[in-house]
Amino acid sequence: MTEEPPATHTRSPIFQDRPWPDNNGVPINAHGGGVMFHRGVYYWFGESYRDANSTEPQATGVRCYSSTDLCNWKDEGIVLARVKDPRSEITEGCVIERPKVIYNATTRKFALWFHLELNGEGYKAARSGVAVADRPTGPYVYLRSERPDAGTWPINATEAQKAGPKEVEALKGMSFSGGPSPETPKHNLLARDFHGGQMARDMNLFVDDDGKAYHLFASEENSTLHLSRLSDDYLSHSGEWVRLFEYKWNEAPALCKHKGRYWMISSGCTGWAPNPARSAVADSIWGPWKELGNPCIEDAPTGETLKLTPSQWKELGYPSVGGIPRKYTLGADHTFGGQSTCLLPIDGKPGAFIAMFDVWRPTNLMTSGYVWLPVVFGRDRFTVTWSDPLHPSLLDGRATCG
Ligand code: GAL
């Protein structure tokens, strides 16, 4: 970490899904990330990959960039790295995804939560890792990982769920697809994971105006989102939580608050491949949440939908995924090729938010792109429209209506 101030040179527009150079001219490498605003500076945290074309395997750590204008970013380096010690949960070979950082005004510490998969176990572990730092740019000290909410039931658990099925023991040996499947809802996964803690994969954090912080994650084999209030120090779970969108298979969730209401964006569950985004609104963070459908409403600026043939799709390295039409598009119907990762409030512009998306390139994740688009709030829904390039001044007119 250097002592130089964040990058503040001339503003350049934000171009969609094109290499975005940092202060060293190196493409920004912060995927599945989130931006936190603290004392006049934006901090962007994300998954940082090595080049798959090098002899190193693709590896993740959490990288941080800082900026005062959202366009020009200074590389603050890796703030949480995987370690050599094979006994560590974050040893090389583990997977660190969707890191997010929040500031605790009482403890004056920065809490970093992320989705952790253990070395050699694929996506089975489904754990949440947590690390803490005194400064936004770290270094972050790794504390532990957990399956959240062990030994507690969600606020909206039914008596039948709490009674648990007789076959909970048998369920422990069963494997489930991480994607939509008619099998999953037949089993009480909530009860299966009551003692050991709930599965937690794609995730986000949200701090409300009253300082309460929430952890939102894909649970129960990705079938159902869990929203769990964190403890007052933001370093563990409080035991107060709720299940949302049961058996709707949401991933990549992100939350924001506007005009006293809570707004959510998420994706469907198709791995790295894009699918139609989803949105929802609630008056209370605990729900009821109302589903609003795909907030993306416009295709590319020409009005044309960018089409990919199956072979182009393959070249990009997307796995073939059941449920996605053979005629692939990268228009609003497939989130412009992206997947949500953050709803970012713009400082000093009430009602102005950027929806941040990742355009995944799974054969070389480091080269995955970013799409940042303005969020426009109406009374009962919000929309995300295509805009390339995105210039922050656009937000003045486009994101403050409604
Ligand atoms: C996606 C998820 C990513 C990553 C990927 C792995 O569905 O949003 O964060 O976990 O699956 O296949």
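The exercises below work through one predicted model, each with a solution in steps. Residues are numbered from 1 along each chain as its sequence is written, and side-chain values use heavy atoms, with hydrogens and water left out. Because the model is predicted, local features need pLDDT of at least 70 and side-chain atom pairs count only at pLDDT 80 or more, whereas totals for chains, interfaces and linings use all residues.

**Exercise 1. The chain as a whole**

Task: Find how many helices and strands the chain has, and what share of its residues counts as buried.

Solution: Begin with the helices (H or I, at least four residues) and strands (E, at least two), which are DSSP runs numbered from the N terminus; the chain has five helices and 22 strands. Next, apply the burial classes, in which buried means under 20% relative accessible area, exposed over 50%, and partly exposed in between, with a 1.4 Å probe and protein chains only. Of the 402 residues of the chain, 56% count as buried.

**Exercise 2. The surroundings of the ligand**

Task: Name the residues that surround the ligand, and sort this shell by class.

Solution: First, collect every residue with a heavy atom within 4 Å of the ligand, which gives E97, R98, Y123, D202, E251, G271, W272 and Q339. Second, sort them, counting Ala, Val, Leu, Ile, Met, Phe, Trp, Tyr, Cys and Pro as nonpolar, Asp, Glu, Lys and Arg as charged, and the others, Gly among them, as polar; the shell then has two nonpolar, two polar and four charged residues. Third, look for polar contacts (pairs of N or O atoms within 3.5 Å). An oxygen atom of the ligand is 2.6 Å from a side-chain N or O atom of E97, another such distance, to the side chain of R98, is 2.9 Å, and for the side chain of E251 the value is 2.4 Å. Finally, the protein covers 88% of the 310 Å² of accessible area that the ligand has on its own, an area that comes from the Shrake-Rupley method with a 1.4 Å probe.

**Exercise 3. The largest nonpolar core**

Task: Identify which residues of the largest nonpolar core touch the most other members, and which strand gives the most to this core.

Solution: A nonpolar core is a set of buried Ala, Val, Leu, Ile, Met, Phe, Trp, Tyr and Cys residues joined through side-chain atoms within 4.5 Å. The largest one has 22 residues, of which F45, L80, L112, F114, L116 and Y140 touch the most other members. Among the strands that each supply at least two residues are β2 (41-49), β5 (95-104) and β6 (109-117), and β6 gives the most, with four residues. Contact means heavy atoms within 4.5 Å; leaving aside its neighbours within four places in sequence, F114 is in contact with residues including L80, E97 and R98. As background, nonpolar side chains tend to be buried together in soluble globular proteins.

Conventions. Polar contact = N/O pair within 3.5 Å; in protein donor to acceptor, adjacent residues only side chain to side chain.
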